[in-house]
Amino acid sequence: MSTIPELYNEKCHCAGCSQNDLGYSFVARRTAQRHNKRARLNAIRCERDMSTQRNMMEVDDEPILTHQPGTLKESYTQTNSPVWEGASMSDTEDVSVTNDAISNGDNDDSGSNSNEISEDESEDDVIELDDNELNSEDPFATPDMPQNPVHRFIATFVVMFASHYVVDKGAVVLIEFINKLLTIYQQDFQLPLSLPGLQRMTGFSAMTKGIKKFVVCQDCHKVYEESASVPSHCDFVKLGARSSCNCQLMKTSASGALVAKRSYLYQSILHRLGYLDLVRGTIIDPMHNLFLGTPKRLMDRWIKDEDIQDGDFAAMQKTAETMIVPGGYTSLNSKIGKQFSYMKADEWKSWVLIYSPVLLKDVLAKDRFENWINFVDACRLLIKPTITFDEVNTAHQFLQTFCTRCDELYNAEILTCNMHLHLHLRDTIRDFGPVYGYWLFGFERFNGLLKNLKTNRKIGFEETFMKKFIEDVHKDDLVNSFLQSTCQTSAFPLLTKLTSSFTPATIPSIRQRTFRIQSFVEASEDPNVLVKGNEPLPPSAFPLSLKSATTMSDIHYVHLLQYYKVAYNNEQLVHFQQASESSYFVDNTITLLKYINILGQVYKGKGESGSRGSLVQAKFIGSTGEHIIAYTGQIQYIFTHSFTPPPTSSSLTPLLRTHRRPTQLLHNSQHTFAFIKWYTPENDKSREYEHVETCFPTFSPDDFQCVLPVHRIMLEVATAEHTTRRKVKKMLVIPLPKKQYI
């Protein structure tokens, strides 16, 4: 039979130690004292919370700062105990009890130093206490906050309102205004006169106290804490090197002060989380990894090996000038002819996805070009806003093949750490989702704007952006902390409007309520799915950007009439000019749209912004009925049209078959179409490997299939003019990744 060591000879009956069959545990004497003290303090806190809740229930019917004129003054003269004083008195009493209890509890261990470890105390006990203290740490501790719950609400509301809507100077005016109101209503409380002081009092500044700035050597990646003395040049000595790195870390500003060339923001408190895997939790930025590393390195290598010469750059620039790039992609106006000097991430992205499959075809050697297409295919999959696990695995295989072939086609110097990280993108996407959620294109665009305006330095913006991000993340926690301390549930709706997660309540339309993403996606991918044009549109399309109503041209109206006859399988429909002969006619009044947003992809007619956003693809069933063909066309305009088909016996069949209610068969008369002219296709598979299609630059004759429901638009394309060796003009079509923000 085992015996209890003398070190653990004290029975502890606290909540943590009593969770066993015995109802107690043997611990060290000092540990039992600490557990008992903590239990007493918890009991006092519970009593204080219950007392506060009872007081709040008594005064909960009183509105906050919404008294009628004269009411508040009258309550002071008659009862001398309004809401403000009643809450403050109860809180004051509770605080005094707590302080006494704490002082009494401390006397239990008088004469002993808590920082010292006695002989009969093990090291594990100290570690146990440190862990408990860390877990019970309150990140929103507000010792300077007033105990009056109404005053706490005022302070919390003002600091959150200032963070959400007001700049620093305006916040000072707001604070002065609130203080003036408190004085008028004879309150013994005033807000701090500065916004930083208010943030410290409410605990708002505690959210970002863990942010530190570091200076990082861009060569060897040694990290220097900016609060310490940072050398002007890196002093790290690499393995096997005879001298230090000597990369410049500091530069002289216009004012003559030394500033860091590059700083990063770092949340050091994360290191204290035992469950956090910092390696797995480190995100590989796809923007830098895919578009600011490998493309430039390979381009430099091709120039060095003379795979691309000066004449090739001029020829590629000439072809690039004929290319039409959709919205959301950057046009390379003259960068190609200048040998890709000073290229940014957006431009490299356009080069990889749009320009390179077309321009490098006749320039690079076949083996090098085909290997480059492996990288392009991977990027096409990885940059999609929505991506399946199969697509992630396929992209990983493309990158693996690309890196392996690079080792064979070039020497080992071409392989870098950045290329190695290509093979870890799969894990990043599996853990954190599609790249749109975390790649740094947003930072770069903001930084470019600030640089153009010359209003701030890049690092200053990054620091501000990081603080703002962390504040927005923790605003919900701050509201919950306020509610737990005051039980003021009536203030919750107002405070939640100031949090980042708050969205105004809206009443969705019928089309928004019945929208099904899976059915909508199938309509664009499978032409066998019957789509008439009045099916629900995604919420992103609303509100529709409607222009004034107009009449459809007679030439296009004929195709609209024929479309309805085919879609509704009804030959009884007649021309609007024959409306007097039959009530089953199709009106020629339409309403044009400036654009339409389909799951984050914006489509426009050619007259709205040139050709950008108007070049699209849609799938049709081939003439034989066996094959599905993707046709390329140009949207002429987007419009809505109201049409209700005549009742037929076939329309009653679903009611009899499924026993549905008649209200479920109500017809939505609004149809949304795009009138598209389709380019003449060509059966040319010579560029199939790089996923570039070929067609003639002329339009096919118009017919009813030019009236296309917007539900069936598959994706956007880029185009380029191409002249064959026989001087035949053709058009190259580059399908682009489909955006689907769900």
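Student: How many helices and strands does the secondary structure of the chain come to?

Tutor: Please keep in mind that this is a predicted model. The chain has 22 helices and 18 strands.

Student: What share of the residues in the chain is buried?

Tutor: Of the 742 residues, 39% are buried. The chain exposes about 42,200 Å², and carbon and sulfur atoms supply 53% of that area.

Student: Among contacts between residues at least 6 apart in sequence, what percentage join residues at least 24 apart?

Tutor: In this chain the figure is 67%.

Student: How should I read a nonpolar core, and which residues touch the most other members of the largest one?

Tutor: In soluble globular proteins, nonpolar side chains tend to be buried together. Here the largest nonpolar core has 63 residues, and Trp351, Tyr355 and Trp372 touch the most other members. Domain 4 (286-446) and domain 6 (517-645 + 666-735) both give residues to this core, so the core lies between them. Apart from this core lies another, of 40 residues, which includes Phe515, Leu537, Tyr568 and Ile676.

Student: Which residues does Trp372 touch, not counting residues up to four places away in sequence?

Tutor: With those sequence neighbours left out, Trp372 is in contact with Pro295, Leu298, Trp302, Trp351, Val352, Ser356 and Leu360.

Student: Which residues form a nonpolar patch on the surface?

Tutor: Such a patch is formed by Phe177, Leu181, Ile184 and Tyr185, whose accessible area together is about 370 Å². Ile184 belongs to helix H6 (residues 168-184).

Student: Is Ile184 buried or exposed?

Tutor: A residue is called exposed when its relative accessible area is over 50%. Ile184 counts as exposed because its relative accessibility is 54%.

Student: Let us turn to charged pairs. How many salt bridges does the structure hold?

Tutor: There are 15 salt bridges in the structure. One of them pairs Arg280 with Asp431, with the closest N and O atoms 2.9 Å apart. This pair links distant parts of the chain, 151 residues apart: Arg280 is in the loop between strand E7 (263-267) and helix H8 (286-291), while Asp431 is in helix H15 (residues 425-432). Arg280 is exposed, at 55% relative accessible area, whereas Asp431 is partly exposed, at 33%.

Student: Why are Lys296 and Asp300 separated by about one helical turn?

Tutor: They are separated in this way because they are 4 residues apart in helix H9 (residues 294-304). Lys296 and Asp300 form a salt bridge, and their closest N and O atoms are 3.2 Å apart. Lys296 is partly exposed, with a relative accessible area of 42%, and Asp300 is also partly exposed, with 38%.

Student: Are Glu347 and Lys335 buried or exposed?

Tutor: Both Glu347 and Lys335 are buried. Their side chains meet in a salt bridge, with an N to O distance of 2.9 Å. Glu347 is in helix H11 (residues 345-359), and Lys335 is in the loop between helix H10 (310-320) and H11, 12 residues apart. Elsewhere, salt bridges that share partners join Arg301, Asp305, Asp307 and Arg368 into one network.

Student: Where does Arg687 lie?

Tutor: Arg687 is in the loop between strand E14 (670-681) and strand E15 (693-699). Arg687 is buried, with 7% relative accessible area. Beyond residues up to four places away in sequence, Arg687 touches Pro357, Val358, Lys361, Asp362, Val692, His722 and Leu732.

Student: Finally, how should I read the backbone, and what is the phi of Leu599 near?

Tutor: Most residues other than glycine have a negative phi, and most peptide bonds are trans. Leu599, however, has a positive phi near 55°. Leu599 is in the loop between strand E10 (595-598) and strand E11 (601-604), and is buried, with a relative accessible area of 6%. His691 also has a positive phi, of about 60°, although it is not a glycine. His691 is in the loop between E14 and E15 and is partly exposed, at 40% relative accessible area.

Student: Which peptide bond is cis?

Tutor: The bond from Phe542 to Pro543 is cis, with omega near -5°. Pro543 is in the loop between helix H20 (517-525) and strand E8 (546-551).

Notes:
Residues numbered from 1 in each chain as written. Predicted model: local features only at pLDDT ≥ 70, side-chain atom pairs only at ≥ 80, totals over all residues. Heavy atoms only, no water. Patch = residues over 30% accessible without salt bridge, like charges linked within 9 Å, V, L, I, M, F, W, Y side chains within 5 Å. Areas by Shrake-Rupley, 256 points an atom, 1.4 Å probe, with all protein chains shown as cover. Salt bridge = Lys/Arg side-chain N within 4 Å of Asp/Glu carboxyl O. Helix = DSSP H or I, 4+ residues; strand = E, 2+ residues; numbered from the N terminus. Buried < 20%, exposed > 50% of the residue type's maximum accessible area, 1.4 Å probe, protein only. Contact = heavy atoms within 4.5 Å. Core = buried A, V, L, I, M, F, W, Y, C linked by side-chain atoms within 4.5 Å. Domains from an automatic or database assignment.
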